[in-house]
Amino acid sequence: MIGSKILIVDDEEIFAGNMAKLLITRKYNVTTVHNGEDALLELEKTNFDVVVLDLKMPGMDGLATLKEIKKLGVLTQILMLTGHGSIDSALEAVKLGAYDYLTKPCDIFELVRKIEGAWKIKDKEEKIETQEKIQKIIESPKSVFSMFPK
Amino acid sequence: MAEKLLPDHDSNHDLEKGHNTYYTRLTRRLVLLTVVCSLVPLLVAGWGINIYYARFAKSRMISSFRTELEHHRNIIELFIKERSSKLQLIAETHSKDFLTVPSNLNDIFKLINREYRSITDLGVIDSTGRHLAYVGPYDLLDKNYSETFWFKAVMNKGIYISDMFMGFRKEPHFVIAVTATHNNEKWILRATIDTEVFRSLVENVKIGETGEVFIVNQQGIYQTSPRYSGKILDSSPFPVDEFYDGIQTCIQESYTDSNSQKKIPRQIMSQAWLSEPCWKLVVKQNYAEAFSDVNLANYAVLIFLHLSAIIILVVVILITRHMICIIKKRDGEAENLNKQLVQTGKLAAIGQLSAGVAHEINNPLAIISTERQIMIDLEMQKPISDPDFKEQFCDSMAQIDIQIHRCKRITYNLLRFARRTQSVIESFDLNDFIQEVIELMEREAGSGGIKFFSHLEENLPALQSDPSQLQQVLLNIIINAIDACENTSFGTITIRTRSTKKKPGIIISIADTGSGISPDRMEKIFDPFFTTKPVGKGTGLGLSICFSTIKRLGGNITVKSTVGEGAEFEIFLPYSPPQKLLDDMKKPDRD
């Protein structure tokens, strides 16, 4: 979806920059960070549609970052990227809630296809969540106050 | 499996030769050590005991010989003493006048010989040597003995026992004469000893087959007839020696008798002087006969000893050879195990290295790939106007893509080799599974004219293993077999299955009729990155992956090959996977 907000998390700065350039060319709204901690900070500030997350990073690695993102309770979809070629690690990431995985070096068209897939899921989940909220408000109008921070 | 070089048998031949030399030396050392430790003490002890026993037995024999001699000397001395004492008693108790009466002398003669006839005749002789009275078989009355040697001797000494002599009766005899005094006149009572009786005392003694007993006087004249070496009154060949007390025993070496020209064998001889008369009693026997029992025992012991030594030697050699065979077999097994351990170690080390290398290569590859895509994007935004440049640009981008994918394939294989992919254990029919693999590969092999044959044992038990990994292993081996058959016409690949009872499981054999593997390459065949395929065609990881996969599934993979005839891979798989694999499957994989 043009204009989707993409967060690229990769310790390889050149790779992250190149991916950003390619995705920006394809009309995506891209932010890059180079470690798990910065990714969490960005996610707290912005509602990203898709996070492209590298598995192996110094400090907090991809799996640990994924777990922390899931704790945030956001609907952002996560696409794992691994230069390790480890299907098992990527599969474990999928088990932990990642949308899918890609192995480096990956084709830009493959990446875009997966981002689109992830965006659709996120969009669907957002719609379901919105419907649930509307249903809740209809059922209990007072609950609308609990949706806003005090 | 592709093999295009000539086989190099030299190194293997040298190795084999070296091993054989080692085992030959080991055999020699073990045999030598066992022989030194068992045979040498046995022989030394055996010989020592034998020599000691022989000496002991011989000394006992000599002692017995001396006892024999002493016994005979006592008998002879007693015989002569008894006779001379009787004569002395008669001379002391009877007067000359009484004895010169023939009837009286005859009575005395009978009295003496009443119990034991040992005196031939008895006579009374006066101081002038005239025979006054005589009882005996000869006519010796009035004979005059005044000039005889014995008459003079008895007159001087009072008693005289003569040597054997012929005298008036012309046959060997000896006399005992005693003197008595009557009215201040000496007279002589003389008796001739029955020579037969005396000689029987000595000559009838039998000592074995070759033993003889005889008497010689001081001049070395036989006083009795020896059994073999002469006759009475002959000169003996023995040197005349001085009188001595006691008994002398000696070993007389063999010699040739000067009289008979007969060769006398080695003899044992004991001799002792009688106290009266001055005769020497000699007892002798052939040495061989005297010690025949000892020698027989000696030989028997030595034969037994050496026979035992030979038996021990033979048994030692046979046992040592058998042991060396067992050691050789065990060494071979240990060597194989070591090779497999080394192989496993190599794979583990290279696996770790590969994982790191693959990861480090994948990241730059990813950057190159993105850079390429950026260039393509840019070109699309601002198309290149020069057609040649554009064509070259497109070719280069395409080539970069090809090479990126090539590198990716290599790193993928490296990682696959390094990683332990999650196993999925299933129970399946191996024969059906192999048929599927064959069908899969027949299409690829068919174009090269290669034919597949399968000999699958019927009713194989179900196999519990990882079919996905096993399929990868079989495909790898079959692809190699197809490559090996490339340059051969009518190549065949034969797959066999059979169950084993020794180690419960199934053996899969994949044999091709390709170019084979040379012995020097056989050792490296499971090494990672070892390939004989052209650059770009093989990564050299296929068989390494097969090796590590089969090991992980609890099996074993071996290969045998003859250059020019083909190669045969044998995979053993247990009916059930090892417990370690099942345990590992429960753990999450976090590479």
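**Reading two chains, feature by feature**

Reader: What share of the 591 residues in chain B is buried?

Author: Burial is a count of neighbours: a residue is buried if 20 or more other C-beta atoms, placed from the backbone, lie within 10 Å of its own, exposed if 12 or fewer, and partly exposed in between. In chain B, 28% of the 591 residues are buried. For chain A, with 150 residues, the share is 39%. Please keep in mind that this is a predicted model, in which local features need pLDDT of at least 70 and side-chain atom pairs count only at pLDDT 80 or more, while totals for chains, interfaces and linings use all residues. As for names, residues are numbered from 1 along each chain as its sequence is written, and chains are lettered from A and ligands numbered from 1 in the order in which they are written.

Reader: Now a pair of helices. At what angle do helix 2 and helix 3 of chain A cross?

Author: Axes are lines fitted to C-alpha atoms, for helices over the stretch in contact, and angles run from 0 to 180 degrees between N-to-C directions. Helix 2 (residues 36-45) and helix 3 (residues 62-72) of chain A cross at roughly 20°, and their axes come within 10 Å. From helix 2 of chain A, the contact uses A:Gly36, A:Ala39, A:Leu40 and A:Leu43, and from helix 3 of chain A it uses A:Ala64, A:Thr65, A:Glu68, A:Ile69 and A:Leu72. Sorted by type, these residues are six nonpolar, two polar and one charged. Here Ala, Val, Leu, Ile, Met, Phe, Trp, Tyr, Cys and Pro count as nonpolar, Asp, Glu, Lys and Arg as charged, and the others, Gly among them, as polar.

Reader: And in chain B, how do helix 10 and helix 12 pack?

Author: Helix 10 and helix 12 (residues 542-552) of chain B make an angle of about 145°, with their axes 9 Å apart. Among the residues that meet are B:Val473 and B:Ile477 in helix 10 of chain B, and B:Leu543 and B:Cys546 in helix 12 of chain B. This contact holds six nonpolar, six polar and no charged residues.

Reader: Is helix 12 of chain B mostly covered or mostly open, and which of its residues show this?

Author: Helix 12 of chain B is mostly covered, with nine of its eleven residues buried. They run from B:Gly542 through B:Ile550. Just after helix 12 of chain B, B:Gly554 has a positive phi of about 85°.

Reader: Let's turn to sheets. In what order do the five strands of the open sheet in chain B lie?

Author: Two strands pair if DSSP finds at least two bridges between them. The order in this open sheet of chain B is 13-15-16-18-17, with mixed pairing. Strand 13 (451-456) and strand 17 (556-562) of chain B are the edge strands, each pairing on one side only. Neighbouring strands are turned by 15° against each other on average, direction ignored. Helix 10 (residues 467-484) of chain B packs on this sheet, touching strand 15 (492-500), strand 16 (505-512) and strand 18 of chain B, and its direction makes about 20° with that of strand 16 of chain B.

Reader: Which residues stand opposite B:Phe569?

Author: B:Val559 is one of them, and B:Ile510 is another. Strand 18 (residues 566-574) of chain B pairs antiparallel with strand 17 of chain B over seven bridges, and antiparallel with strand 16 of chain B over eight bridges. B:Lys560 has B:Glu568 of strand 18 of chain B as its bridge partner. In a regular strand the side chains alternate between the two faces of the sheet. The hairpin of strand 17 and strand 18 of chain B has three residues between the strands, and B:Gly564 there takes a positive phi near 90°.

Reader: Which strands stand at the edges of the four-stranded sheet in chain B?

Author: That open sheet runs 6-11-10-7, with antiparallel pairing. Strand 6 (212-217) and strand 7 (247-252) of chain B are at the edges; each has a single partner strand, so one side of each is left without a neighbour in the sheet. The twist averages 20° from one strand to the next. Inside the order, strand 10 (residues 267-273) and strand 11 (residues 279-286) of chain B run antiparallel, joined by seven bridges. One example is B:Ile268, whose bridge partner in strand 11 of chain B is B:Gln285.

Note on methods: Helices (H or I, at least four residues) and strands (E, at least two) are DSSP runs, numbered from the N terminus. Two residues are in contact if their C-beta atoms, placed from the backbone, lie within 7 Å.
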